[in-house]
Amino acid sequence: EEYLMKICQDGLVDRYGAERAAEDEVQERIKYEVGIINHLGFASYFLITADFIKWARDHNIPVGPGRGSAAGSLASYAMGITDICPLRFGLLFERFLNPERVSPPDVDIDFCQSRRPEVIDYVRKKYGERSVSHIITYGTMGAKSVIRDVSRVMGVSYGEADRIAKMIEAKPGVTLSGEWNAKPELKELIESSSTYRDLWDYALKLEGISRNVGIHAAGVVIGDRPLDEHVPLTRGNEGEVVTQYDMGAITEVGLLKMDFLGLKNLTVIQDAVEHIRKSIPDFQIEKVPLDDQPTFDILNRGETMGVFQLESGGMVETCRKYDISSIDDIIDLIAVYRPGAMQFIDQMLDVKKGRTKPMYEHPLLEKVCGSTNGVMIYQEQVQNAAKLLAGYTLGGADLLRRAMGKKDPKKMAEERSKFVEGAEKTNGIGAKLANQIFEKIEMFAGYGFNKSHSACYGHISYWTAYLKANHPV
């Protein structure tokens with residue numbers, strides 16, 4: 001635990017210089033974070049993660065600036081796990097590790113697609129062949145596929161099986177009994193023949209059973225001793241060792257799961273950087289200025305082919321309209337250009353261009369979402385709103401955000417009364433207005449995006465655009 005603090009303090013000096021690193025804001029935050037990490041018993045998790053990321057960087061393997069909520073942690077930034085300053089972008093530690101809800105930290109790391117296996121290999125050698133393993137995935141018989149499987153075994157013709165299977169929706173969470181109750185025409189068809197009735201009975205019994213196994217695309221388990229002391233193991237098709245517990249069970253038995261993801265864009269950026277270094281030997285993409293006008297110009301012209309996350313047709317149009325003038329605009333765009341949240345783009349643009357004024361039910365809401373033109377597009381804004389308006393702790397606000405996302409009516413009723421009470425106590429806001437504000441926050445919570453993730457991916461978007469604008473070859 002002391003070693004973790006030492007690494008973090010050294011890292012802060014590397015990142016900010018000695019003077020800024022010693023400032024109260026930085027020191028308070030790092031002591032708070034390291035205190036929670038140590039209290040929850042996750043010091044070794046951070047040290048292990050920082051170690052293999054440092055190894056990858058030392059061996060010139062491209063590593064992403066971060067992804068997911070880990071970028072909200074100043075400790076992660078100081079240790080080199082992430083490359084985005086959480087203070088500069090207003091990212092929250094509690095969105096990543098919540099002292100009020102103990103769940104293991106989840107650090108997903110993007111590596112260059114082609115060299116990712118080298119990092120896994122390093123971890124194997126360091127912690128021992130027997131202590132590192134891939135994770136199994138179980139494919140289950142879904143409502144649609146179980147009908148097709150049983151039909152095949154029963155010798156029901158493909159056409160007939162297809163007719164029944166097509167009546168069942170192909171979306172997650174669909175069950176045979178649910179479809180039976182919801183669709184009279186399905187019921188009628190099944191009851192029209194004894195063969196179909198048998199087929200349906202067998203399918204009901206088999207639904208949800210494991211059908212095949214695969215290997216999790218990114219997950220790797222690292223143990224403090226040989227893994228067969230914790231979990232049963234098996235071998236995959238290629239002969240590699242795989243746990244027989246899936247991801248959920250791995251976490252429940254207290255093992256450490258890491259996600260080593262491959263991202264093709266990092267490979268593309270690395271190839272470009274190596275070309276550039278032939279004429280500018282010390283070029284580093286992480287060090288390019290974040291306010292480069294030619295970069296914003298190509299985005300505003302809609303020339304986004306090859307620019308990470310900004311390539312789709314609709315996104316090209318939005319970039320043209322948006323008048324991008326900072327990296328923050330790119331980060332906001334990535335967050336708001338998604339199903340559900342897209343309905344707010346025009347509203348944001350009207351405020352940005354000065355055509356309309358934003359509507360705030362309470363002056364404190366301007367503090368929360370003034371920077372995003374009056375729209376709450378981030379989960380972190382939902383947390384800040386609960387903290388400022390109703391006196392929640394940031395940890396408690398994270399629990400509120402989760403409850404809002406899951407739309408659990410019982411939990412929501414509890415949170416609503418807590419929020420209304422808190423708003424009265426903290427800011428003297430009356431019940432009627434507090435309820436209105438709660439409903440507004442609840443609406444945005446359904447669409448909110450994780451700002452830490454958006455900030456990380458916004459940087460990759462910016463870098464690809466920067467290379468396209470300044471080093472097109």
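This is a predicted model: local features need pLDDT of at least 70, side-chain atom pairs count only at pLDDT 80 or more; totals for chains, interfaces and linings use all residues.

Trainee: Why is the contact between Lys126 and Asp51 called a salt bridge?

Mentor: The N to O distance between their side chains is 3.7 Å. The cut-off is a Lys or Arg side-chain nitrogen within 4 Å of an Asp or Glu carboxyl oxygen, so the pair qualifies. The pair links distant parts of the chain, with Lys126 in helix H7 and Asp51 in helix H4, 75 residues apart. A search of the whole structure gives 32 salt bridges.

Trainee: What makes Lys126 and Asp51 partly exposed?

Mentor: Lys126 has a relative accessible area of 44%, and Asp51 has 24%. Buried means under 20% and exposed means over 50%, so values in between are called partly exposed.

Trainee: How do you know that Lys183 and Glu179 form a salt bridge, and are these two residues buried or exposed?

Mentor: Their closest N and O atoms are 2.6 Å apart, and the limit is within 4 Å, so the label holds. Both Lys183 and Glu179 are buried.

Trainee: What about Arg301 and Glu303?

Mentor: Their side chains meet in a salt bridge at 2.8 Å, N to O. Arg301 is partly exposed at 45% relative accessible area, and Glu303 is partly exposed at 35%. Elsewhere, salt bridges with shared partners join Arg15, Arg57 and Asp83 into one network.

Trainee: On to rings: how many aromatic pairs does the structure hold?

Mentor: It holds 17 aromatic pairs. In one of them, Phe52 and Phe111, the ring centres are 6.4 Å apart and the planes are at 50 degrees.

Trainee: Why is the pair of Phe52 and Phe111 called tilted?

Mentor: The centres must lie within 6.5 Å, and planes under 30 degrees count as stacked and over 60 as edge-to-face, so 50 degrees falls to tilted. Phe52 sits in helix H4 and Phe111 in strand S1, 59 residues apart. Phe52 counts as buried because its relative accessibility is 0%, and Phe111, also at 0%, is buried as well. Another tilted pair is Tyr392 and Phe419, with centres 6.3 Å apart and planes at 45 degrees.

Trainee: What makes you say that the charged end of Arg88 sits over the ring of Phe89?

Mentor: The charged end of Arg88 is 4.2 Å from the centre of that ring. The distance limit is within 6 Å, and the direction must be within 35 degrees of the ring normal. Arg20 likewise has its charged end over the ring of Tyr16, 5.3 Å from the centre.

Note on methods. Residues are numbered from 1 along each chain as its sequence is written. Side-chain values use heavy atoms; hydrogens and water are left out. Helices (H or I, at least four residues) and strands (E, at least two) are DSSP runs, numbered from the N terminus. Buried means under 20% relative accessible area, exposed over 50%, partly exposed in between (1.4 Å probe, protein chains only). Rings of Phe, Tyr and Trp (its six-membered ring) pair if their centres lie within 6.5 Å; planes under 30 degrees apart count as stacked, over 60 as edge-to-face and the rest as tilted.
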